[in-house]
Amino acid sequence: MDCKKKAIIGKDLDKAIALLTAGELVAIPTETVYGLGGNAFSESAIQKIYAVKNRPLSNPLIVHLANSGRLESVARDIPEMAYKLLEEFSPGPLTLLLNKKDSLPEGINSGLSKVAVRIPAHELTLELLERLAFPLAAPSANPFGYISPTTPEHVYKQLGDKIEYILDGGPCCQGIESTVLGFEEGIPVVYRLGALSVEAIRHVAGEVKLITAQHAETTPSPGMLAQHYSPHTAFVFTEHTEQMLEQYNTERTGLLRFSNYLKNVPEKNQFVLSPEQNLEEAARNLYAALHFLDEQKFDVIIAEKFPETGIGSAINDRLRRAAAKK
Ligand code: TXA
Ligand code: MG
């Protein structure tokens, strides 16, 4: 008998609840990327998440809650600023690092003192979280190091033989992971750039520090690995696409472009993220473009640098890390 699971893609909340309550994993839609959800209070569900993703145990998970009223079930000593930011930006792509309640299993945050928490802005998943008796631990639903999923099909392709059910919430409307923010001596610190821009956070919080993968000298957050989000194809990130092209066979090269096609490279080899030069649209299409370009099995994919503003900074962060040497 073939014991391999083949995931079903569907919208059946009762089925998702039954599986999760039995300690199984279910892929869930969010506004950012699809997550691989499991009971945050179950050490065995947490261990399954690490195993299915092939993720190092040292890289902690985000806890997803239905609303900020449930914050105190997982965190303690919550700073006033955390509530202020949540009021402004939740549900939404803001993940806060807060002091962990002892009752949460240690596997959730790799034994660190902080736990990451967010309230996702997706109707179906919010309803799921409302109806469940526990919050969901959910990293992005991709094998460790590979491209994040923004459609149920992306999840199916990557993890379809490892889980039973993918809750179908359509394509993710933001398309890039949440911004991870902690507090150091009361001052907000961004550890991972994401769908919520640093500019927007500054508007509410005033001073905000940046200690992200690009800016940090060491790695204070375990998820800030220089290399991440990578296609299997060789990947180059550059401000000078045309110069870079001289080194490659243009027929065998894929291009990731912001708003226009480049002459001298077949259009079928190019993925334009936003002809209108809209960075939100570009972010929404980013991972689908990377999945598509990777499937073409080019010799190389060359991605151009995006405007370093708003969500453009998060796009550049992901492309820089996709290009980092393994
Ligand atoms: O948008 C998102 O955040 C998606 C959706 C599914 O919610 N989730 C996601 O999870 O991107 P993941 O596991 O792929 O990334 C979580 C990031 C990692 O960089 C991790 O190291 C960091 O959050 N993180 C989690 N808990 C932490 C902690 N206790 N201390 C420091 N960093 C933490
Ligand atoms: Mg991830």
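Colleague: What covers the buried residues of H3?
Modeller: The cover includes strand E6 (94-100), strand E10 (179-184) and helix H6 (198-205). Contact means heavy atoms within 4.5 Å. Helices (H or I, at least four residues) and strands (E, at least two) are DSSP runs, numbered from the N terminus.

Colleague: Before we go on, what am I looking at?
Modeller: A predicted model: local features need pLDDT of at least 70, side-chain atom pairs count only at pLDDT 80 or more, and totals for chains, interfaces and linings use all residues. Residues are numbered from 1 along each chain as its sequence is written, chains are lettered from A and ligands numbered from 1 in the order written, and side-chain values use heavy atoms, with hydrogens and water left out.

Colleague: Which residues of H3 are buried?
Modeller: In H3 (residues 80-89), they are Ala82, Leu85, Leu86 and Phe89. Buried means under 20% relative accessible area, exposed over 50%, partly exposed in between (1.4 Å probe, protein chains only). Seen down the H3 axis, the buried residues fall within an arc of 100°, so they line one face of the helix. That arc is taken over the directions from the helix axis to the C-beta atoms.

Colleague: And what sits on the face turned away?
Modeller: Exposed Glu80, Glu87 and Glu88.

Colleague: How do H3 and H6 pack?
Modeller: At an angle of about 125°, with axes 10 Å apart. That makes H3 oblique to H6. Axes are lines fitted to C-alpha atoms, for helices over the stretch in contact, and angles run from 0 to 180 degrees between N-to-C directions. Under 35 degrees counts as roughly parallel, over 145 as roughly antiparallel, 65 to 115 as roughly perpendicular, and the rest as oblique.

Colleague: Which residues meet there?
Modeller: Met81, Lys84, Leu85, Glu88 and Phe89 in H3 meet Ala200, Ile201, Val204 and Ala205 in H6.
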